Amino acid sequence: MAKIVAITGNEAVAHALRQVDPDVCAAYPITPQTDMMQRFSSFVSDGLVKTELILVESEHSAMSSCVGASAAGGRVITATSSQGLALMWEILFIASGTRLPIIMPVVNRALSAPLNIHGDHSDAMGARDTGWIQLWSENAQEAYDNTIQAFRIAEHMDIRLPVMICLDGFIISHSIERMEYLEDEEVRNFVGEFKQLNPLLDLGHPVSYGPLILPDYYMEYRKAQDEVASKVSSVVLEVAEDFEKLSGRKYGLFETYRLEDAEIGLVIVNSAAGTSKDVVDEFRDRGIKAGLLKPRLYRPFPYKETGEALKHLKAVCVLDRADAFGGSFGPVYLDIATSLYQYKKKPILINKIYGLGGRDYLPEHAELVLNELAEIAKTGTVKSYKEYISVRE
Amino acid sequence: MRKLLTLKELSKKEILLSSGHRLCSGCGAPTVVKMVLLASDYPVIASNATGCLEVSSCISDYTAWKIPWIHNAFENAAATISGVETMYRSLKKQGKIDKEIKFIAFGGDGGTYDIGLQSLSGAMERGHDMLYICYDNEAYMNTGIQRSSATPYGADTTTRPAGSVIPGKTEQRKNLTRIMAAHNIPYVAQASPSHWMDLMKKVQKAWEIKGPKFMNIISPCNRGWRSRTDDAILLSRLAVETCHWPLYEIENGVTRITFKPKEKKPIVDFLKPQGRFKHLFSFENEWILKKLQEDIDREWKRLQKESSSEKEGGSSPS
Ligand SMILES: Cc1ncc(C[n+]2csc(CCOP(=O)(O)OP(=O)(O)O)c2C)c(N)n1
Ligand code: SF4
Ligand SMILES: [Mg+2]
C-alpha cells in the first residue's frame, strides 16, 4: 500500500535508496546534494540498511571507490552535484566503459566560475556523453520513481551500465511536495537480488579489470558499447511497464503533454516542465494548440521516438537550462534538432536559454515563448534562433 | 600462519605474476611484485595505478595477473581498492562471503607521491584493511622519464634535463614514507628487492596487522636510470648501502632500522653507474654531489636517532 507524504526531493530519493538497501555507498558533501547523503548516512547509523559507507575525501575518490566496490560485486551508490560531478568526470567514463551498474542521483546545480550553488543543468549536461544512462525528473515523485527504476535498468543483463538520476537543485531537492512512497517490501521485490558478472571477490575465477586495449581492438570495444546503448530504450520501457503495475504511475522515454494535435510546442526537462504545462493549458483555453514534450531518458537519447513525436508541429522551442558556449545552441536543442533533421517536413526550431544559476522560471516566461511560437507558426519568420530569456541586457 | 621464508619453501609456491608481461627486461617492478605476492600466504586482490607496471601487465586479451586485479586510473589505486575492501566487508557482514582475503594497491612514485597522494591519504585515514605498495623508480617512467617529487636532486629527467644553465632537478625528494607515518597508521616500512628476506618479512608482518599499511619499495628502472639491464638488484643494494634508501619500519609509531650497512658507502657509489647522474661528475656540479651526501647523512642521523631514542624508551620491536 502506498503511503502519501509531504517531503523534499532529497528526502524522497534518500528513502528510495534506503528501500533498495545497497551494499556500499560512497558519500561526499556538496550543496544541494549534501542533505540526501546525510539522510542516507543516518539510515546507516540507525541500522535501517546493511550498507557500508565510504566517507571519501573527494568526489574523485567517491567515483573511484564506487568502481572498485562495484567490480568487487554488489550494489553501489553515490550522489553528487556540480563541482563534484565535474571532479568525477574522468572516472565516469571508466565506470561506464567497465560496464558497472552504479547508481548516482545528481542534484543539478550550476558550475563555477562564478561560484553559484543554485539549480541549473550545466553539471549533468556536461556529463551527457560519458556513457552513463541519464533519467531526468520533474519533481520529487519522479526522482523517487526514477531512482527505483534505475537499479533495474542498470542491472539488466543486456545493459549493465551506470545511471544518473537528475533532479533540480533546491527547486526539487529542497522544496516540500506531496508524494507517494511504495512499501519497502514492494521496492525490494521490484529491484530483486543483484549478481555482479565476474566479481573481483570471486577467488575461484580471478579476473583482470581495466586492461590496456590497443588500436587493434579498441574500436570493436567501443562499438559494442554503442550497441548496448541502443538497447537501453526498450529496457527503460520494459521496466516502466513493470513499475506501472506496481505503482499505477506511467513512465515512458519522455512525457508528451497535449502534443498529439499541437501546432506549437515546448521541449523542456525537469522542474520547469511543470510550470510550462500550466501555461500550455492556458493557451489551450484560448484556443491555441500548444503542447509540450519533456525528455526523461536523455542518455542514450531516443532520437527516433522524439523526432516522431515532434515532427508534425509547426514551431517548437527547446528551453535549455545550460548552454554550450561559443555561439552554438543549448544541449537539448542540439539533440532535438538532430532528431528532426531527417524529416522533410519539420517544425521551425528555436532555442531559449533560461534559469541559469537558479534564476526563476515563471509562467510569464513560458507565455512569452509560446506567444513567439504562435507568431512564428503564423508568419514563418524567426527573429532569433537562440536567445537568453529573463536576463538583463 | 606465517610460512617460513626459506628458499626451499618459497620455491614450492606459485608465482602470481606470470612471465610474458611486457615490462622491459631487467625492470625492478615485476621483481618487487613477485616478492610481495610470494610473501603472502592469504588470497590477495590487487588494484594497480596507471604506469609501467599496469600498462605492461594487462594488455587485452591477456593478463599476467593470476590474482583478481583491477586498474582504474592513474591517481586512484588507493580509493579503488578501498571500494573493493568495503564491498568485501559489506558482503562478509551479510554472510555472503566467509573467506579471509587481503587487499593491496600497487602504484608507481608518480601515482603515489604526486597525483595519487590525496587518494592514498584518504584511504589510510579511513582505516581500510589494506596494504599500499609504492614501487618507486624515482620518475614518471611510463610517459618517458619525467621528474616526479620522488626524483633525487640533480637527476637528469626529460622535463628537467641537465642543461648548460640548469643542472637537472633542483628540488629535494619528498619523504613520502615519513608522510605516511604521520598518518599514524599501524605499519609503515621501506624495503628494497636487494634485501628480499627483509622485504618479504615486512609484507608478512603487514598481513598480520589489521588496518592500513604502507610500504615504499625502491624499484630500479634501467631505461630511466640509464644503467645496465642486469643491474636492478645491484643498484637497489647500493641504494641501501649508501643510505639513499634506508631499510626501516615504523610499527605503531615505533621506528626500527631493519638493516644497518656495516660500512655506509659514499653516495657516489650509487650515482656513478647511472647515466642520469653523469653530469654531476663534472667540476661545476661538484657542489651537488656534496649536497646529496650531506642530505643523506643528515637523514640517516635523524633516522638513527629516531629509532634509538625509541629503544631507550623501553619498547622492543620484534
Ligand atoms: C590523470 C592522468 N594524468 C596523466 C596520465 C599520464 N600518465 C600515465 S602513466 C604516467 C606516469 C607514471 O609514473 P609512475 O607512477 O611513477 O609509474 P611508472 O610508470 O614510473 O612505473 C603518466 C604521467 C594519466 N594516465 N592520467
Ligand atoms: S621504463 Fe623502466 S620502469 Fe618502465 S618497464 Fe622499463 S625498466 Fe620498468
Ligand atoms: Mg615511477
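## Salt bridges between the chains

A salt bridge is a side-chain nitrogen of Lys or Arg within 4 Å of a carboxyl oxygen of Asp or Glu. In this predicted model, the side chains of Lys93(B) and Glu52(A) form such a pair, with 2.9 Å from N to O, and the interface of chain A and chain B holds three salt bridges by this rule.

## The interface of chain A and chain B

Counting heavy atoms within 4.5 Å as contact, 40 residues of chain A are in contact with 43 residues of chain B. The buried area, meaning the accessible area (1.4 Å probe) that two parts lose on being put together, summed over both, is about 3100 Å² here, and carbon and sulfur atoms give 63% of it. On the side of chain A, Leu201(A), Leu203(A) and Leu212(A) supply 21% of the area that this chain buries against chain B, more than any other three residues.

## The site of ligand 1

Taking residues with a heavy atom within 4 Å as near, 18 residues surround ligand 1, with Gly110(B) and Tyr135(B) among the closest. Because these residues come from chains A and B, the site is shared between chains.

Polar contacts with the ligand (pairs of N or O atoms within 3.5 Å) involve its oxygen atoms, which lie 2.8 Å from a polar backbone atom of Gly110(B) and 2.9 Å from one of Met141(B).

## Basis of the values

Residues are numbered from 1 along each chain as its sequence is written, while chains are lettered from A and ligands numbered from 1 in the order in which they are written. Local features need pLDDT of at least 70, side-chain atom pairs count only at pLDDT 80 or more, and totals for chains, interfaces and linings use all residues, while side-chain values use heavy atoms, leaving out hydrogens and water.

Definitions and conventions:
A polar contact is a pair of N or O atoms within 3.5 Å; within protein, one must be able to donate a hydrogen and the other to accept it, and residues adjacent in sequence count only if both atoms are side-chain atoms.
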